[in-house]
Amino acid sequence: MVEGRGRVDALFVYPVKGLSAQPLDRVALRPGTGFPNDRRFAFARPDGRYRPGTRVGLPKQEFFALVSDPRLAGLDTHVDTGTDVLTVRVAGHDVLKADLGTEEGRDEAMRFLTPVLDLPAGVTPVLAREPGRRFTDAAAAGDGPMNWVSVVSLASIRDLEARTGTVVDPLRFRANVVVDGLPAWSEMDAVGRELDLGGVRVRAVHRTRRCAATEVGPGTGRRDLAVVSMIHRTYGHQFMGIYVEVLTAGTLAKGSAVGV
Amino acid sequence: MSELRLRVSAAGELTPTVRRFVLRDPAGSRLPAYEPGAHVVVSTPAGHRRAYSLVEPGGAQPREYVLCVRRDTDGRGGSVSMHDDVAVGTTLVVSAPANRFPLAPSPRYLFIAGGIGITPIRAMVRRLRAAGRAGVRLLYLTRSAAETPFLEEFAGPEDTVHHSGGRGRLDLWPYLGVPDDDVRIYCCGPPALVRAVRTLTAHWRLSRIHLEEFAAGHRQLSSPFTAVWAPDGRRVGVPAHLSLLAALRGEGVRVGSSCEAGVCGTCRVAVLDGEVEHADSVLTESERVASMVACVSRARSTELVVGPYQDEELA
């Protein structure tokens, strides 16, 4: 992102923390509000710190998420962001359709998760949802970081693949914006600078430290590749991708240019 | 591991590609105990070491071990040697039985066997049915009737034998679509079948799904152990499919964590007793003497006493 120009390869929203990526063709970004519909819902641990009305960011360990519960990735899920209806499919079969906007739908969805998360019979997660808030990992660092947008660069992932002789699905990193055409790892040097992300002005604010969520094979429900230790062994750090803060309003579209 | 020298007392064809071998002690002694799901590792006459499931239900003092071997001409030669080089009277070096696929108690069962994957499943089904158990459902998937060992045994009301030749594969969804905590699923078969069952049970409780791929070679499998949380003496079972960190969390013991991949060291705990198999990439050898990283490292002993890690420089 420092040298040369790249382009936006893909855009994804994750309406529920830990559940499936939903591809987008374009997204309208505004300063201070984050990536629309991203991580609006999360499954909180029933014995944890989240209570309805909690208005501070909590660390990811307070929620069921891929880092601790890889089986969530075995579910093919979709949230209609207009109606908040959650659909869950297993191998192409609908197994749940629940309106997260109603108490009945929320209860049904939480009961569905009891066996998936291997909770004792009768114990369910708590559906976390707080108007104006999102359950991103960065939310634990404050309300500004809560709205950071995550970006990964395909060139850096390809470099990791080449150096380790593995195939690394970019979806493992669950970024909102996937960019291509930039020099490998140049995004790391961009931290602290402003960038042009498809016509939207953003500031690169932080490198993204990776956890075991990246070890879960998308769609498999299993940890199948030691991505964190691969990165650690290869580069001596734990980073892949960066967070950016949105500075100006604009519509980011697939295929648009990325540069300084 | 202790080794046995056993004599082949009977051998014969079950199908054109599957041979059955009965192994006994040459002096007629009883053999080491085993339970359904157990296997032995056989050194073939050509020098391969191959794991084969025991097809009989077993017990405390079995008289014989019975194996069934499918000839795999595309394999690495182990099954071909068993077919071509072993006859009645041959002496084979065999490991004591081990069990990576044990039968756990359950109100009901669904067994899914693909091809020669019937071997451990047969031992389980026979054990349960011999005890008069109902709710022991079997799906047995093979190519054709001629290639179906033990076909005549599985014609009961709870048996479905499906031949894919001419009819295509059986749709498993009607059997797996509705998860049921009162059912345990045991599946043994080729990788494609095991993968399909894993995918189709994504909404089931993981502890109810028992999968065994044959031809899996020497996998390094996790073993269950018991962790004792030193501050209150709480005993926490750590099953094979959970990390120590996850098992502690499940019991309400809060240990801080971050990467959960053995790199950051946040979930380090003190080890007060027991042997650890370290799998992290963060602790030094000296740090490993009395602490471990709970997200990836496990017990080498059956029990491990752990507690909160306190940095000595801060203490």
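Modeller: Before anything else, domain bounds here come from an automatic or database domain assignment. For chain B that gives domain 1 (3–95), domain 2 (108–213) and domain 3 (225–308). Also, this is a predicted model, where local features need pLDDT of at least 70, side-chain atom pairs count only at pLDDT 80 or more, and totals for chains, interfaces and linings use all residues. Residues are numbered from 1 along each chain as its sequence is written, while chains are lettered from A and ligands numbered from 1 in the order in which they are written.

Colleague: OK, how far apart are domain 2 and domain 3 of chain B?

Modeller: Their C-alpha centres lie 36 Å apart.

Colleague: And what does the predictor say about chain B's pLDDT?

Modeller: pLDDT is the predictor's confidence in each residue, from 0 to 100. Chain B averages 92, and 96% of its residues score at least 70. For the complex, the ipTM is 0.91 and the pTM is 0.87.

Colleague: How many residues of the two chains are in contact?

Modeller: Contact means that the C-beta atoms, placed from the backbone, lie within 7 Å. By that rule, 22 residues of chain B meet 24 residues of chain A. The chain B side splits into 10 nonpolar, 9 polar and 3 charged residues. Nonpolar covers Ala, Val, Leu, Ile, Met, Phe, Trp, Tyr, Cys and Pro; charged is Asp, Glu, Lys and Arg; the others, Gly among them, are polar.

Colleague: What is the domain assignment of chain A?

Modeller: Domain 1 is 6–34 + 142–259, and domain 2 is 42–135.

Colleague: What makes β5 and β9 of chain A edge strands?

Modeller: Strands are DSSP runs of E, at least two residues, numbered from the N terminus; helices are runs of H or I, at least four. Two strands pair if DSSP finds at least two bridges between them. The open sheet has 3 strands in the order β5-β4-β9, paired antiparallel. β5 (63–64) and β9 (126–128) each have a single partner, so one side of each is left without a neighbour in the sheet.

Colleague: How do you know that β4 and β5(A) pair?

Modeller: There are 2 bridges between β4 (residues 42–44) and β5(A), and at least two is the cut-off, so they count as paired. Ala44(A), for instance, is bridged to Phe63(A).

Colleague: Which strands of chain B does β6 join?

Modeller: Among them is β1 (residues 3–13), antiparallel to β6 (residues 91–95) through 5 bridges, with Arg7(B) opposite Thr91(B). β3 (residues 39–43) is joined to β6(B) by 2 bridges, also antiparallel, and Ser43(B) faces Val93(B) there.

Colleague: Last one: which residues touch the most other members of the largest nonpolar core?

Modeller: Such a core is a set of buried Ala, Val, Leu, Ile, Met, Phe, Trp, Tyr and Cys residues joined through C-beta atoms within 7 Å. Of the 156 residues in this one, Val244(A) and Phe111(B) touch the most other members. Helix α2 (residues 118–130) of chain B gives the most to the core, with 6 residues.

Terms used. Buried ≥ 20, exposed ≤ 12 C-beta atoms within 10 Å, placed from the backbone.
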